[in-house]
Amino acid sequence: LDQLLSTHFEQTVIWGIAAIILGAAAGAMSGVLVKKYLGKINPVSLSFHQMLQGVIFLYFFSFLLEKWKPLQVTPRVAAAVCYLGAVGSALAFALYYRLMQQWSAITLSLIIYITPLVALIVDYLVFTEVIHLQAAVGMLIIFSGIAFVQYHPQRFQFLRQ
């Protein structure tokens, strides 16, 4: 909303928003298709093939489209890349596919809404960042949406007795 208002609904911003919505729809569709067609495949195998194809695809296009510069790899950079590759990507996707076998695609898709909320809360607790009213209202809307999607009246039958 801030970007739309500050750019007076500039066409490039609208195209960017449309791309984000299209990306979200594609992500949702991929979750449903993985659940339906690849749900019985070993999660580690799924993750490995996904990472391998991603590396090949990204290196191919970066070779074609990017300007190559000398890299300055420090131990800290190497550790960050290894950590993000192993934990942030390979392990995270293996766990995601494992949960995909046990949960519905809708329930699992709700995880993407939790990540930014955790980041906001960690920023507040660790870095004493201020959580502004707009972010707090956004968190409330997200948690309300998650509760709405997960609400099943039969779970609360005991309260009516």
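Predicted model: local features only at pLDDT ≥ 70, side-chain atom pairs only at ≥ 80, totals over all residues.

How many nonpolar, polar and charged residues does the lining of the largest pocket have, by class?

Author: On to your pocket. Sorted by class, its lining has 15 nonpolar residues and five polar ones, with no charged residues. The space inside comes to about 530 Å³. In total 20 residues line this largest pocket, and the ones closest to its centre are Tyr96, Leu108, Ser109, Leu110 and Ile112.

Where does that lining come from? Four helices each put in at least two residues: α2 (11–37), α4 (75–102), α5 (105–109) and α6 (111–127). The biggest giver to the pocket lining is α2, with six residues.

Leu110 is worth a click, as one of the residues closest to the pocket centre. You'll find leucine 110 in the loop between α5 and α6. Is leucine 110 buried or exposed? Its relative accessibility is 12%, and the cut-off for buried is under 20%, so leucine 110 counts as buried.

Which residues line the largest cavity? They are Val34, Leu38, Gly39, Ile41, Pro43, Leu46, Tyr97, Met100 and Gln101. Helices α3 and α4 each supply at least two residues of that lining, and α4 gives the most, with three. By class, the cavity lining has seven nonpolar and two polar residues, and again no charged ones. So α4 turns up in both places, since α4 also supplies at least two residues to the lining of the largest pocket.

Let's step outside. A nonpolar patch sits on the surface, formed by Val55, Phe57, Leu58, Tyr59, Phe60, Phe61, Phe63, Leu64, Leu65 and Trp68. Together these residues have about 1200 Å² of accessible area. Take Phe63 as one of them: phenylalanine 63 is in helix α3, which covers residues 43–65. Its relative accessible area is 60%, and exposed means over 50%, so phenylalanine 63 counts as exposed.

A couple of backbone spots deserve a look too. Phenylalanine 9 isn't a glycine, yet its phi is positive, near 55°. This residue is found in the loop between α1 (2–6) and α2. Threonine 128 also has a positive phi, of about 50°, without being a glycine. Threonine 128 belongs to the loop between α6 and α7 (133–150). With a relative accessible area of 62%, threonine 128 is exposed.

Valine 130 is also in the loop between α6 and α7. At 60% relative accessibility, valine 130 counts as exposed.

How values were computed
Residues numbered from 1 in each chain as written. Heavy atoms only, no water. 1 Å grid on protein atoms, 1.4 Å probe; cavity = no way out; pocket = protein on both sides within 12 Å on 5 of 7 lines; lining within 4 Å. Points joined across faces, edges and corners; volume = space filled by probe spheres on them. Nonpolar A, V, L, I, M, F, W, Y, C, P; charged D, E, K, R; others polar. Patch = residues over 30% accessible without salt bridge, like charges linked within 9 Å, V, L, I, M, F, W, Y side chains within 5 Å. Areas by Shrake-Rupley, 256 points an atom, 1.4 Å probe, with all protein chains shown as cover. Salt bridge = Lys/Arg side-chain N within 4 Å of Asp/Glu carboxyl O. Buried < 20%, exposed > 50% of the residue type's maximum accessible area, 1.4 Å probe, protein only.
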